[in-house]
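Q: I would like to go through this structure with you, one topic at a time. Shall we begin once it is on the screen?

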Amino acid sequence: MQQSTECRVIIPAAGSGSRMQSEVPKQYLLLAGKPVLQHTLDALLQHPAMRRVLLVLAPDDSHFDRFDWSTYAKSLVVARIGGDSRAASVRNGLRYLQPHTADSDWVLVHDAARPCLGQAELQRLFAELQPHPVGGILAVPVADTLKRADSAQHIEATVSRAHLWQAQTPQMFRYGLLLRALQNAADEGVTDEASAVEQLGLHPALVMGSARNIKITLPGDLPFAEWILQQKEMR
Ligand code: CTP
Ligand code: MG
């Protein structure tokens, strides 16, 4: 497989953050004085292979322009082409890149709402996947004991956690393969890129991530993310 030095990057940022229960979509909430999205961009752009980022916004986004993004002028392309689901937003982003992208180019997709991505994990993902025929994702082995609930919210069974991993982002695939996978998949239930690729009968790699790479989803996640970023700076 050819070695690629540059990697296309898509950040889907067209969600409304309904679980966060905030007027402002979570990607624009302030975290250590900067919008969440800015932390996410900074983490990705530190990697030498991630030189340009396609940011997919909702067509009616009224928050992005309230911040100054001029320091990213050379590295950021903004497209207001978000769809009704994360899968649709990523698919629209892939189509937007089509004129400038070869099927064999790597594409890395990372949630706008994961601002605590560490360089070690990003480098590990990029390095481990270079020779991989399919691509893969950052993920962490499930740590807690798992219970399946019945309809009355009582425990029906304990589910073995052996071989179970929690998917994170970034997720990295060859451009042609990922576009085919997302064009083939129904959006329902496709909450990450890997699940669309799996539907083609392929087996993406699991690359060890970090528990620190949280997705801001619920209100309590924001102070936790702030604490994670502080710890990072102290190291
Ligand atoms: N996303 C997107 N387009 C959508 C839905 C989500 O680009 N139609 C993006 C979000 O902006 C986020 C990432 O996908 O960066 C992960 O999605 P999630 O955490 O579910 O964010 P939201 O959909 O915004 O939040 P919620 O599900 O709580 O409404
Ligand atoms: Mg969502």
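Q: Leaving aside residues up to four places away in sequence, which residues does His132 touch?
A: This is a predicted model. In it, His132 touches Trp106, His203 and Ala205, with residues up to four places away in sequence not counted.

Q: And where is His132 found?
A: His132 is in the loop that runs between α3 (119–129) and β7 (135–141).

Q: What does the side chain of His132 reach at 3.0 Å?
A: The side chain reaches the backbone nitrogen of Gly135 at that distance.

Q: Turning to the ligand, which residues come nearest to ligand 1?
A: There are 19 residues around ligand 1, and those that come nearest are Gly17, Ser18, Lys26, Ser89 and Lys215.

Q: How is the shell around ligand 1 divided into nonpolar, polar and charged residues?
A: The shell has 5 nonpolar, 8 polar and 6 charged residues.

Q: What lies 2.6 Å from an N or O atom in the side chain of Ser18?
A: That is an oxygen atom of ligand 1. For Gly17, a backbone N or O atom lies 2.8 Å from an oxygen atom of the ligand. Ala112 also has a backbone N or O atom placed 3.1 Å from an oxygen atom of ligand 1.

Q: How much of the accessible area of ligand 1 does the protein cover?
A: On its own, ligand 1 has 560 Å² of accessible area, and the protein covers 87% of that.

Q: Which pocket is the space taken by ligand 1?
A: The space that ligand 1 takes is the largest pocket.

Q: A change of topic: which residues does a cis peptide bond join?
A: Thr169 and Pro170 are joined by a cis peptide bond, with omega about 5°. Pro170 has its place in strand β10, which covers residues 165–174.

Q: What is the phi of Gln21?
A: Gln21 has a positive phi of about 55°, although this residue is not a glycine. Its place is the loop between β1 and β2 (30–31).

Terms used
Residues are numbered from 1 along each chain as its sequence is written. Chains are lettered from A and ligands numbered from 1 in the order in which they are written. This is a predicted model: local features need pLDDT of at least 70, side-chain atom pairs count only at pLDDT 80 or more; totals for chains, interfaces and linings use all residues. Side-chain values use heavy atoms; hydrogens and water are left out. A residue is near a molecule or strand if one of its heavy atoms lies within 4 Å of it. A polar contact is a pair of N or O atoms within 3.5 Å; within protein, one must be able to donate a hydrogen and the other to accept it, and residues adjacent in sequence count only if both atoms are side-chain atoms. Accessible areas come from the Shrake-Rupley method with a 1.4 Å probe; for residues, only the protein chains shown count as cover. On a 1 Å grid over the protein atoms alone, a cavity is a set of points where a 1.4 Å probe fits but cannot get out, and a pocket is an open set with protein on both sides within 12 Å along at least five of seven lines; lining residues have an atom within 4 Å of a point. A molecule sits in a cavity or pocket if more than half of its atoms lie within 2 Å of its grid points. Ala, Val, Leu, Ile, Met, Phe, Trp, Tyr, Cys and Pro count as nonpolar, Asp, Glu, Lys and Arg as charged, and the others, Gly among them, as polar. Helices (H or I, at least four residues) and strands (E, at least two) are DSSP runs, numbered from the N terminus. Contact means heavy atoms within 4.5 Å.
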